[in-house]
Amino acid sequence: MEDDEGSLMYPARFDYYRPSTLNEVLELMEEGCRPMAGGQSLLPMMKLRLLTPNCLVDLGEIEELRGIAVYKDTVKIGAMVTHNEIEESQEISSSIPVLAQTAANIGDLQVRMRGTIGGSVSHADPSANYLPTLLALDAKVKLVSKSGRRSLPLQEFVRGPLLTGLKQGELVEAVEVPIYGGNGLIRKFSRRKADFAIAIVTLLYKKEERRLNDVRVAVGALRTGPRRLTKLEESLNGRMGRIDVSDILIREVKSLEPVEDLHGGVEYRRNVILTLITRMMEELWR
Amino acid sequence: MSFRAEYETSSDRYKRDLYHSTYVETQLKYIGKKFRRVEDRDIVRGRMGYADDIDFPGQHYAAILHSPYAHALIKSIDYTEALNLAGVKYVLTGEEVARLTKPITARAAPTSPKTQYVMAYRKVRYMGEPVVAVVAENKYVARDALDLINVEYERRPVVRDLDDALRPGAPLIYEELGTNVVIHDKFEFGDVEEAFQRADKTVKRRIGIHRYSSTPLETYVVNANYDKLRDLLEVVATDQQPGRTVQSVANLLGLPMSKIRLIVPPMGGGFGYKLAVWQYIAIISLLSMLTGRPVKWIQTRSESLYGPHRPKGYMDVELALSSSGKVTGMRLTDWEMDGNWPYVAGLYSLIKFANMSGPYEIPSYSFEYYSIATNYPPVVQDRGVGKPFMTFALERIMDVAAKSVGMDPAEFRLRNMVPPEKMPYVTPSGEIYESGNFPATLKKALEVAEYWKWKEAKKGRRIGVGISCGIEPGTSNLGYYYLTKPGTPDFTGAGEMSTVELTPDGYLRVNMNGPEIGTGHVTTLKQVSCEIFDLDPERVIVSKVFDSTEGHLGYSGTYSNAFNDVYIGAALAALRQLREKVLRLASHLLGTEPSDLEMRNGNVCEKGSSRCVELSEVARLAYNRLTFLPAGESPGLRIIASYSNTTAKPFNRSNFNVQLTHSNSAHVAVVEVDPQLGSVKILRYVIVHDAGRVINPGIVEGLAIGSTASGIGGALYEEFVFDEDMNNLSLTFGDYLKPTAMEIPDIEVVQMETPAPNTPFGTKAVGEGGAITSLAAVANAVEDALTDYGVEVTSLPLTPERIWKMTRGA
């Protein structure tokens, strides 16, 4: 650490706006204002002066960022929908239950009441719960700016730790999640219940006449952003009975690059990923 | 034994004259009841009135720039730009501090370093050491100013660990000492050599403890206002030992103690962490004197995590055993890494030492200790001070020893415990265990926890059962730090002063004049007061504020588990005297002998009759109708009384008692370990706790659970991690992991009561027991669960990654 700026928890001076239309938000962002959703990551970073934006624009009044809309094949979740709303949404629980489970495992209740899906994906913490689940579900991130709208698949949107495809002046408007008609599981291992994951895995599978189909295994808490284990998926698709895929699994996990910190080194985290997936696969053979 | 007779005498005395009636046989209305805490209503509504809630008119704020390096010379400090920032009033550096204050001196070291001031002077010795302080009109400007200060450092090689500190040519933390060994001393009691020569078996392990710490929700707050008009330094601060702080701040700043007024509002937790705030009181007071403004400093969470902490350390523990499973001797070498700070160096070691035999009868032992200076942050007397590590080491080696003689760990412990008939028991070095039934405590814990059933259930699952038996001493007989250092202690014994008053309108006002740290003192004192005066709780006002001008003894404060001995003792002394005076005045009003009177629900009444006089009427006589007072009675109803526990002995290297009451407990933890993930799940946690007579069982249960949660944190979660350069990597609660309610199991507490003969109500220490005893319970259980892997737990915390590595033989 070069200096101890982290020790004093008073943010630097900043301007604060809370407009009521999306247009005003985008105009302020064009001028360099930073958007604030639930503030669960942004504010602590500002207090530690890891971030010192001159200007914040609070998205709290923007109604069009709040809705959950269910279409035939997809669910569109507004950027300002909180983790708690996702956890408790009837629509999401019936169409994509694994997403509700993913949200239910984020942080603690206070974080889930304030934190939002748009804020989480924009922040792109490599260990965030949503990333592997959204990757497995082939979600798209809908972006808006003064110059128009565009949409990016999650794997193109998240480029690495705290790194996204957002351009200057661009805001996450919604996350669009295709409805997956199969089963979903999520396993998170963390030091304490409310901590970021040491390892996190989302597993989706369909079973048609006892035959596995459309298996998707996505791993989070990686330096690279979330990854699908495609070789493992391939070896499972079409299978009817229990098979031993441990060699493929071990090899594929070895190629992953987990984040590393005080709470777990790379080798340990690979072991946890391997253990979680091995245990999750027991569900497949039931 | 001579003091046994003394005890019996004092015990009889206590029975006889608690309030000049047979207290013990009286039906108790308030004591021993689960009285709901009266503090909580204010706490949850934000109306407690903490230090940060108090402002002086024209309040200014300070911010402190801390050292980014663990060991460096300060070559230059340029603060011109900071001083030019609008709103900034003053910038203070170590150069000025060294001119205006005295250096910090060591309490226990025979030779004190001379270059450590309250702010870094020309050299920094830990990451986070205060280097520059700024005063500004508000806290944001003060913080902004820090970014404009340019400090040029020349980095020095760091001292990380034991080997590093002791090797020839090691970088020195204090050049003037010529060594990093601040203290080295050795004590021996009984013939240890012979015990080891005759032993059928010996076991020896090096056991380590890591850096962790209590982290009160409320951090340090200091608000200093030097009042020129009255030539008085007024300070509002979060301080657990204000009696001593007044002395040390007066000494550091060269002020008379009588010109310092220290006020301590209720605190959001203390845990020992708030025994080191005096350093910052000196800095902030200096800033107020230099600027002529009231200056407030509120420590941020990250600043609080810089330190102070508990020290990291190692102990070589060795037991001599007989083939029948008796411990006949013990050798201990303690290596305590006291950080860079001379101030409390050695204290942890000496406290460990006085309690090294735990609940066991060990006829001979020796203790050698080294206090080592390193570039770790300062050390403070955190919850249990050394006893958690001592108990961890002792209860680990007891398991190792049990295994070596092929005995069950429970049976092995029972065989070696001090039997109840030997109470009061004096350890070889002179610590007096005044009462207790250690085997009964353990047997009860085994029964409640279904120990034998779990031992069976183990089969096929990675379940482990761990036992730990601990002594929880209370009431520090201060001055023990002079055991190693020549000279006369500046304080010995343990005591407090208290003021009680029957107000002119008949309310009872009680001032224990000690810091309220959240542990239910107000409620407890209310119970005691109500009991003595038989008064409605609504008519008892208990102060929750310490004010140094209200009268206190030299080391007054809330620490060392002493409250229900010394504060209750002082309050009780004052209440008794006040009660006697009230009875005398009532006797004058009623024309009845005082001995025929009793307190009855806010009145003084003739025994067995309905002839009464209200307390307010007695007060009117005392305060208003002065000409009607009986001859020889002074007006008013205000009593100041003091108390000291008379079992404190003066210090003598061959016979001394460091603490004066000794609660004890047995913990049984049942855990299940997942070796693939390295995770530990606590399936069952049972505490049988004997804290003597209990005034409020609800509060005591809460303290037993809370302190155990802190030990579970130390055993499984909490650790300050330092890198190669001794940078502290755990400066947020995202990296320094406290267990939350989600991690702490449902802890079952069973209370036993073996009254202490040497305290006013027979009470003993409460508040540290779990922190002391739980480390080994968890560690022993984890080791037991991993028997197949042949692992041995000799250090903590047992993080998932470490357990995983242990099971892989790494």
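Q: Hi! At roughly what angle do the axes of helix 17 and helix 18 of chain B cross?
A: Roughly 95°, and the axes of helix 17 of chain B and helix 18 (residues 615-623) of chain B come within 10 Å. Axes here are lines fitted to C-alpha atoms, for helices over the stretch in contact, and angles run from 0 to 180 degrees between N-to-C directions. Helices (H or I, at least four residues) and strands (E, at least two) are DSSP runs, numbered from the N terminus. Do keep in mind that this is a predicted model: local features need pLDDT of at least 70, side-chain atom pairs count only at pLDDT 80 or more, and totals for chains, interfaces and linings use all residues. Residues are numbered from 1 along each chain as its sequence is written, while chains are lettered from A and ligands numbered from 1 in the order in which they are written.

Q: Parallel or perpendicular, then, for helix 17 and helix 18 of chain B?
A: Roughly perpendicular, therefore, for helix 17 of chain B and helix 18 of chain B. Angles under 35 degrees count as roughly parallel, over 145 as roughly antiparallel, 65 to 115 as roughly perpendicular and the rest as oblique.

Q: Which residues in helix 17 of chain B meet helix 18 of chain B?
A: B:V582, B:L585, B:A586 and B:L589 do, and their counterparts in helix 18 of chain B are B:E617, B:V618, B:L621 and B:A622. Two residues are in contact if their C-beta atoms, placed from the backbone, lie within 7 Å.

Q: Switching to sheets: what is the order of the open sheet of four strands in chain B?
A: The order is 21-20-19-26, with mixed pairing. Strand 21 (540-542) and strand 26 (638-644) of chain B stand at the edges with a single partner strand each, so one side of each is left without a neighbour in the sheet. Two strands pair if DSSP finds at least two bridges between them.

Q: How many bridges link strand 19 and strand 26 of chain B?
A: Seven, in the antiparallel sense, between strand 19 (residues 495-502) of chain B and strand 26 of chain B. In strand 26 of chain B, B:A641 is the bridge partner of B:S498. Helix 17 (residues 563-590) of chain B packs on this sheet too, touching strand 19, strand 20 and strand 26 of chain B.

Q: And strand 12 of chain B, which residues are buried there?
A: B:V295 and B:W297 are buried on one side, and B:K296 and B:I298 on the other. Buried means 20 or more other C-beta atoms within 10 Å of the residue's own, exposed means 12 or fewer, and partly exposed is in between, with C-beta atoms placed from the backbone. Strand 12 of chain B pairs with strand 1 (residues 60-66) of chain B in the parallel sense over two bridges, and with strand 9 (residues 221-227) of chain B in the antiparallel sense over four bridges.

Q: Is B:Q27 buried or exposed?
A: Exposed, because B:Q27 has 4 other C-beta atoms within 10 Å. B:Q27 is found in the loop between helix 1 (2-17) and helix 2 (39-44) of chain B.

Q: Last one: how many residues of chain A are in contact with chain B?
A: 22 residues of chain A, against 30 residues of chain B. Helix 12 (residues 266-284) of chain A gives the largest share of the chain A side, four residues.
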